[in-house]
Amino acid sequence: MTAPLHGPAGPIPAAAGIGLRFRHHDAVLRERPRIAWFEVHPENYLGGGKPIAYLERIRRDYPISLHGVGLSLGSADGLDGAHLARLRLLCERVAPGLVSEHLSWSAVEGVHFPELLPLPLTEEALAVVCRNLETAQECLGRRMLIENPSSYLRFRHSTIPEWEFIAAVAGRTGCGILCDVNNIYVSAGNHGFDPRHYLEALPPDRIEEFHLAGHTLRRFDDGRSMRIDDHGSRVCAEVWALYREAVARFGRVPTLIEWDTAVPPLSVLLDEAAKAERILAVETMHADAA
Amino acid sequence: MPTLHEVQSAFAAALRGGGESGLAGWVVAEDFSAPERLRIYRNSCRSVLVEVLRMTYPAVDRLVGPDFFEIAAERFCAGQPPGSGYLNDYGGAFADFLAGLPEAAAALRYLPDVARFEWALNCAANADDAPFLDVADLAGVDPGQHDRLRFAPHPSVRLLELHHAADAIADAVLARDDDAIAAIDLASGPVRLVVNRGPQGVDARRLTQAGQEFARRLFAGERLGEILDGAGPDGAALLADHFVHGRLSGFRIAAEVCGAIQQ
């Protein structure tokens, strides 16, 4: 058994971590893998019983980040107060190093969809996201990070490029940005923009976490293709290359390996995290030398 | 230009199969049409919710088979989508939905009861944490006050009365135990169950009719003295059983709150 890289719940170190999934709970407690931190979806731990009991044991040895998928920051109807209250209780119980959510929406008129749905990027939507995010930050008593989503659909009446939109959210609310490199690559492929242009437009001082994941290129018989962000495979070479550029531009910040479908053995995630760690080390060494 | 709420309302209608015409005109089509793009989101939502239900209702899934389960679950999700992002709370009405499905009702009349049983297990597994009341916690109570005790159940406790032996059916089908399935008497009458998450995990036990009435009154916070008066000689054993299995979380005497009542 190797010692963990870092101690119990506290700040998320500027190193590689992995998404913690149920099937790895026992392995983490048994093997105490050499990884700097874990990230979980809070929606899986809002109740009592086994899941939160596992998380409370794991957080004794590792910093924890909460990465929400159910708050629906982009809802015109506002936030679900009961959901936010549960999230606050979880934050009090887990003392996460970071709390993040998505630039998306999931709920309208009392119906919740388990998806990160795309927003029309307008001044109205910007005001709604900022208002909801400020409500959430006030309720939780802390800054949050907001993540750029992957998407398969854009609106004709959008007036603000996504990179400007997310930078404006950070500027108006004081939140940080979780830069999902895979999502930039997926959306760039689906909507035909240059992913490097996206990176260049983000405010460097607000980038506080990177996400990396695998996606699928779905090819249709007529030659068309769509990139699907399914988090079910290793990070592809193109995303690793974009990540190198992101680290070179924004510096060393916490980096997460996400894997949500067809979750492999823990060793595979640790292997991907080690690769991210090597890139963090090399790129930041180059930056320091320059 | 549509408002954000108009966009989200139209998007929701499209995801629920209520037509895409309202949204399509606002979507950039290019290589893929609006319906094709929406289908990606609709399929994702549908598969997530079906899997949530499949995990909550594994015995129902096994009884009807994965194909029928998927069809039934999709129909349920379309009609009764989640109301929040906390999906552990989703699917409680599935048993009543199944009871209204003519295909299921004719062939598997016990299916809704199996679903009710599995929902109780799910609720017990995910209920908020709370302390388990120990008999020693009552040590400071004057014995003369015992009759005035009122108890609070652990948040995981559920009482069920089912027409069929759903607990035995669920156990047998999940264990793929054909002998146990064959031994189940569907005409044996109602079963009364108490389901909870105790110190050793989720637990389901059968109750006698007297035990069910005792538990109902105990969990409703009625005075212990009155409950014991109505329970006869078995009262003390019935009460002890609830302590042993962690079904109580706190107590009070009259208006005074003691222990750790969490409701």
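Visitor: Why is A:R32 called partly exposed?

Guide: The model is a predicted one. A:R32 has 15 other C-beta atoms within 10 Å. A residue is buried with 20 or more such atoms and exposed with 12 or fewer, so A:R32 falls in between and counts as partly exposed.

Visitor: What is noted about the phi of A:R32, and where is the place of this residue?

Guide: The phi of A:R32 is positive, about 45°, although the residue is not a glycine. A:R32 sits in the loop between α1 (25-31) and β2 (38-40) of chain A.

Visitor: What makes A:A262 count as exposed?

Guide: A:A262 has 10 C-beta neighbours inside 10 Å. The limit for an exposed residue is 12 or fewer, so A:A262 meets it and counts as exposed. This residue is also not a glycine, and its phi is positive, near 50°. Its place is in the loop between β12 (255-258) and α9 (266-289) of chain A.

Visitor: Why is A:H191 described as partly exposed?

Guide: For A:H191 the count is 14 other C-beta atoms within 10 Å. Buried residues need 20 or more and exposed ones have 12 or fewer, so A:H191 is placed in the intermediate class. A:H191 belongs to helix α6 (residues 181-191) of chain A. Its C-alpha atom is separated by 23 Å from that of A:E258, 67 residues apart along the chain.

Visitor: How do you know that the radius of gyration of chain A agrees with that of a compact globule?

Guide: For 290 residues, a compact globule would have a radius of gyration near 19 Å, and chain A has 18 Å, so the value agrees. Taken along the principal axes, the C-alpha atoms of chain A fill a box of roughly 55 × 45 × 45 Å. Chain A has nine helices and 12 strands, and 50% of its 290 residues count as buried. Among its contacts between residues at least 6 apart in sequence, 78% join residues at least 24 apart.

Visitor: Which residues have the most contacts inside the largest nonpolar core?

Guide: That core has 152 residues, and those with the most contacts inside it are A:I146, A:V169, A:V181, A:L212 and B:V114. Helix α8 (residues 111-126) of chain B gives the most to this core, with nine residues. The core also draws at least three residues from each of domain 1 (1-87) and domain 2 (109-263) of chain B. In soluble globular proteins, nonpolar side chains tend to be buried together.

Visitor: What does A:L212 touch, not counting residues up to four places away in sequence?

Guide: Among the residues that A:L212 touches are A:V181, A:V235, A:V239, A:Y243, A:L256 and A:I257. The list also includes A:N182 and A:E258.

Visitor: How many residues of chain A are in contact with chain B?

Guide: 37 residues of chain A are in contact with 37 residues of chain B. On the side of chain A, the elements that give two or more residues are α3 (81-94), β5 (105-108), β6 (111-117) and α4 (123-140). β6(A) gives the most, with six residues. The residues on this side of chain A divide into 18 nonpolar, 10 polar and nine charged.

Visitor: Which strand does β2(B) pair with, and in what sense?

Guide: β2(B) and strand β3 (residues 191-198) of chain B pair in the antiparallel sense over five bridges. The bridge partner of B:E161 in β3(B) is B:R192. B:E161 lies on the uncovered face of strand β2 (residues 158-162) with B:L159, whereas B:R158, B:L160 and B:L162 form the covered face.

How values were computed:
Residues are numbered from 1 along each chain as its sequence is written. Chains are lettered from A and ligands numbered from 1 in the order in which they are written. This is a predicted model: local features need pLDDT of at least 70, side-chain atom pairs count only at pLDDT 80 or more; totals for chains, interfaces and linings use all residues. Two residues are in contact if their C-beta atoms, placed from the backbone, lie within 7 Å. Helices (H or I, at least four residues) and strands (E, at least two) are DSSP runs, numbered from the N terminus. Ala, Val, Leu, Ile, Met, Phe, Trp, Tyr, Cys and Pro count as nonpolar, Asp, Glu, Lys and Arg as charged, and the others, Gly among them, as polar. Two strands pair if DSSP finds at least two bridges between them. The radius of gyration is taken over C-alpha atoms; the globule rule is 2.2 Å times the number of residues to the power 0.38. A nonpolar core is a set of buried Ala, Val, Leu, Ile, Met, Phe, Trp, Tyr and Cys residues joined through C-beta atoms within 7 Å. Domain bounds come from an automatic or database domain assignment.
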